[in-house]
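Subject: Structure handover and notes

Hello,

Here is the structure I said I would pass on. Please look through it before reading my notes, which come after it.

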Amino acid sequence: MNKRKELVIIGGGPAGMAAAIAAYEKGIRDILILERDKELGGILNQCIHNGFGLHTFKEELTGPEYAARYVDMVAARQIPSLLHTMVVGVQSGNPCVVTAMNKEMGLFRIEAAAVVLAMGCRERSRGAMNIPGYRPSGIYSAGTAQRYVNIEGRMPGREVVILGSGDIGLIMARRMTLQGARVKLVAEIMPYSGGLRRNIVQCLDDYGIPLKLNHTVTQIHGKERVEGVTISRVDENLKPIAGSEEFVRCDTVLLSCGLIPENELTLDAGAKMDDVTQGPVVNDRLETTARGIFACGNVLHVHDLVDNVSGEAEKAGEFAAEYILKGHSDWGAAVRPKIPQKTKCTLPEGRDAGSQLICIGCPVGCLITVKRNEDESLDITGNTCKKGEAYVRSEMTAPVRTITSVIRVQGGEGKVIPVKTAQEIPKGRIAACMKEIRQATVKAPIRVGDVMIENVADTGICVVATGNMDISK
Amino acid sequence: MIYDVTIIGAGVSGCAIARELSRYQLNTLVIEKALDVCEGTSKANSGIAHAGYDAKPGTLKARLNVEGSRRMQRLSEELDFPYRQNGSLVLCFDKKDVGRLNELKERGEQNGVRGLRILDRQELLELEPAVGDQAVAALYAPSGAIVCPFGLTIALAENAAVNGVEFCFGTRVLDIQKKNEGYLVKTDQGDVETKVVVNAAGVYADEIHNMVCESKMEITPRRGEYLLYDKRVGSLVSHTLFQLPTALGKGILVTPTVHGNLLTGPTAQDIEDKDGVATSAQGMNQVQQMASLSVPGIPGNQVITSFAGLRAHITTVPRGCAEGDFLIEQAKDAPGFVDVAGIESPGLTCAPALGEYVAEIVTDILKPEKKEGFINTRKGIPSMALSSDEERQDLISTNPAYGNVICRCEMVTEGEILDAIRRPLGAVTTDGIKRRTRAGMGRCQSGFCNPRVVELLAAELSVDESRIRKSGEASWYLTPKEQVKEKGAAYE
């Protein structure tokens, strides 16, 4: 391999791929993406639910579908990547030096005119939260559980308590439920959820899972496997209130308590860090203080939506290209990336779910009020787009949902393939649909859009693959 | 078969004794109720090789401590486990207490500790700039050191196994019966006949003792809670900082670990439950508050995990035994039954000397011959994280699996994890992998590597992934597939 590249991109998730494509479009041809996992796509591959791509592609995609579109764009430009490859060091300079290793090539160095950091983020662990109690098995960060269920096709537990109502926690509440686990409750220490309003509706309300605001886990029970948790109400200083303890039996605790940019390499490169974003300090060209090294995506700061990651990463790719083509300029001033105001999501207190609906059509989650007139016509107010009106009409008459899950695969490189119902199905058919999905087995190879189950649960709607899978070698 | 020696308990003491006995022509068996070595007190402590100024002069504790401290470095070279002599400081926060610092120094000197020095605040600051404003003086012990408690225990056990000692894990002693010659040890895995029993059962040593001896022993576990911090703050201090014990308690230590993290703790609370290693909000707060006296500004958001360990504190000694000391002797009413009980702090430090001391007691009873061809050294698992680039390249060329990183926080590779499973007394649990390789020991606390480690273990052990455990017998991670299929969904 040529050990000199114009641009090396560390991380083949949504940020890395978008940066690579944008740099290519600006005329950079000698690009290499380094990815530590077995495929490009990053964490999107395990985010099998839908809700991605409304900004970027003007349609609602699942995570693997969103990733697959970028994988295709990378492939169309013949941008090379190395998989199963871990970067162990990055040095700034002219050229920058990236040290990486994998099984086939051993340890190797690549010189690059510029580097884009796109390593993403990690989840806060139980230890980082000082949750008292034992240290049994059965405590997972929500993302670890998501990997088990959606990539490995395994169930990490049966009776679940989720701490933290970030979107991953809410999504996993529904996911575990659909796979047959019983989710007892979601506890959130804040007086509002950290997730999107629509996720509270479609992940918790749809399945009758209680969201306990102002509550936290104050003890983990079980010496070997989790046997339960104590949850307590907290006061305005987030301190547990004595006497409010309640024991909840469960064998699994999922933690969805925040994400932390993964900046080991950034620090290694000597880049200055920003305490607020927990990412590197960058200028208006997304260049870190380590010259020639750019950053984008969740390594720079934690984003709410992947669409925003892609947008930011495109810019980083373009700036890196400019840097390679036009050379250095003054670093300039530090510019903190715009961090979207964290949505303090609550459902209005005392909301009458029968007449006040949260639209699940997009991340905005409009609160829509509906009044049924004597002639059965509906007065709909509060929606900010047409989707809201359509949603309410359907919800008041025949509510429907798109179901996403995985199906077991025979003879494939992976164990399961992500799938979705090609259209929304009646809410009442979800259980029957899931039963068929859980029992199905399909054969590799599989391409996005391939029909996996026809006429699922007699709905007339088919279940299609949302990912690609090759035959196992 | 009749064993010559049966050691109950595969903690650091049991493993040190096993290794010393493996120098002799003896059939030695170690019985352990857990699935791995180092599963009790040995896995949850300060990881300190104490200099030896704490124990009362003339006690066994004092003697074994100073001897153990002196031997640890050489042992770490022979058996290849992490050890670093970083020096320790006992901080004094009140001018009125400086006299007690002097007493400690004198006691240390009586015990044979070398190089002890009292430092004034200025000298202290030069040595350890991060100490708090209230520290007025300190006792400096250059021979104080830090050691990896897992590394030490596993190294001793592996070396013992290589030299012929048998280990039985997942085996619980139910009863011990005195026979004409020797003992019958009844376990949940069958009976064992043995000439000598060594009781190194940690917090359970009283139960084992009481199965055999008339004069009873009682051990009350003393829980100590700890907080472990990210490597980013690991170099906040370079020495191990103790606090001069006061009426308020023994104080909290702040120390770098041999792997570069920062460790604070322990609390001290007597509890009843011998497996009661739960942490508490109160305990963790106490550790944070008291640690800030030694080193202000330890960032609370850099904690990566907390844990609690139990010290085997004897509250009732058998008749005729010394109080407040280790209880290491052949039981008065049971020839061939050797207690190694009450091994609380500084038990880890003592291990190298304790092993030899107990081996002497045993060899006095059995009069065995020395073994030809005893293997004195052991090489640990190579660490990609600690290797130079050239060493890494060499390792990957010998085995490409060293090029595949599984634990990204601690940079542990597939090759190291496979080594951990395939070695003598190889790991069978994810905690076993963690303690041998550090996979899962880092800041994400196994969030990323857990599914991969489970997959590797299952493949190597030829079992389904649902059979892989964290540490204890029932500490499964995954639900078996057939159970998932059988169960309907809750919402149906």
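This is a predicted model: local features need pLDDT of at least 70, side-chain atom pairs count only at pLDDT 80 or more; totals for chains, interfaces and linings use all residues.

Strands S14, S15 and S16 of chain A

These three strands make up an open sheet in the order S14-S15-S16 (chain A), and the pairing is antiparallel. S14 and strand S16 (246–249) of chain A are the edge strands, each pairing on one side only. On average, neighbouring strands of this sheet are turned by 30 degrees against each other, direction ignored.

S14(A) pairs with strand S15 (residues 228–233) of chain A through six bridges, in the antiparallel sense. Within this pair, Thr216(A) is opposite Ser232(A), and Ile220(A) has Val229(A) as its bridge partner. The two strands form a hairpin with six residues between them, and in the turn Gly222(A) has a positive phi of about 110 degrees. Strand S14 (residues 215–221) of chain A is largely enclosed by the rest of the structure, because six of its seven residues are buried.

Asn214(A) is a residue other than glycine with a positive phi, near 60 degrees. It has 18 other C-beta atoms within 10 Å and is partly exposed.

Strand S25 of chain A

Strand S25 (residues 416–421) of chain A has six of six residues buried, so it too is largely enclosed by the rest of the structure. Val416(A), Pro418(A) and Lys420(A) point one way from the strand, while Ile417(A), Val419(A) and Thr421(A) point the other way; all are buried.

S25(A) has antiparallel pairing with strand S24 (residues 404–410) of chain A, over five bridges. Here Ile417(A) in S25(A) is opposite Ile407(A). S24(A) and S25(A) form a hairpin with five residues between the strands, where Gly411(A) has a positive phi near 70 degrees. S25(A) is also joined by three bridges to strand S29 (residues 463–465) of chain A, again antiparallel. In that pairing, Lys420(A) has Val464(A) in S29(A) as its bridge partner.

The nonpolar core

In soluble globular proteins, nonpolar side chains tend to be buried together. In this model the largest nonpolar core has 308 residues. Those touching the most other members are Leu7(A), Ala19(A), Val115(A), Val116(A), Phe294(A), Ala320(A) and Val198(B). Setting aside neighbours within four places in sequence, the contacts of Phe294(A) include Val115(A), Val116(A), Leu286(A), Phe319(A) and Ala320(A).

The contact between the chains

Chain B gives 48 residues to the contact and chain A gives 45 residues. On the side of chain B that touches chain A, the elements giving two or more residues are helix H7 (281–294), strand S18 (303–316), helix H9 (389–398) and helix H12 (450–461) of chain B. That side of chain B consists of 23 nonpolar, 15 polar and 10 charged residues.

Which residues of H9(B) are buried, and which are exposed? Arg392(B), Leu395(B) and Ile396(B) are buried in H9(B). They are on the same side of H9(B), because they cover an arc of only 95 degrees around the axis. Glu390(B), Ser397(B) and Thr398(B), on the other side of H9(B), are exposed. The buried residues of H9(B) pack against S7 and strand S8 (106–117) of chain A, together with H10 of chain B.

Backbone details

Most residues other than glycine have a negative phi, and most peptide bonds are trans. Asn214(A), noted above, has a positive phi, and so does Leu425(B), with phi near 55 degrees. Leu425(B) is in the loop between helix H10 (414–422) and helix H11 (430–437) of chain B. It has 21 C-beta neighbours inside 10 Å and counts as buried.

Where are the cis peptide bonds that I noted? One runs from Asn94(A) to Pro95(A), with omega near 5 degrees, and Pro95(A) is in the loop between strand S6 (86–91) and strand S7 (96–102) of chain A. Another runs from Ala444(A) to Pro445(A), with omega near 0 degrees. Pro445(A) is in the loop between strand S27 (441–443) and strand S28 (451–453) of chain A.

Regards

Key:
Residues are numbered from 1 along each chain as its sequence is written. Chains are lettered from A and ligands numbered from 1 in the order in which they are written. A residue is buried if 20 or more other C-beta atoms lie within 10 Å of its own, exposed if 12 or fewer, and partly exposed in between; C-beta atoms are placed from the backbone. Helices (H or I, at least four residues) and strands (E, at least two) are DSSP runs, numbered from the N terminus. Two strands pair if DSSP finds at least two bridges between them. A nonpolar core is a set of buried Ala, Val, Leu, Ile, Met, Phe, Trp, Tyr and Cys residues joined through C-beta atoms within 7 Å. Two residues are in contact if their C-beta atoms, placed from the backbone, lie within 7 Å. Ala, Val, Leu, Ile, Met, Phe, Trp, Tyr, Cys and Pro count as nonpolar, Asp, Glu, Lys and Arg as charged, and the others, Gly among them, as polar. The arc is that of the directions from the helix axis to the C-beta atoms. Axes are lines fitted to C-alpha atoms, for helices over the stretch in contact, and angles run from 0 to 180 degrees between N-to-C directions.
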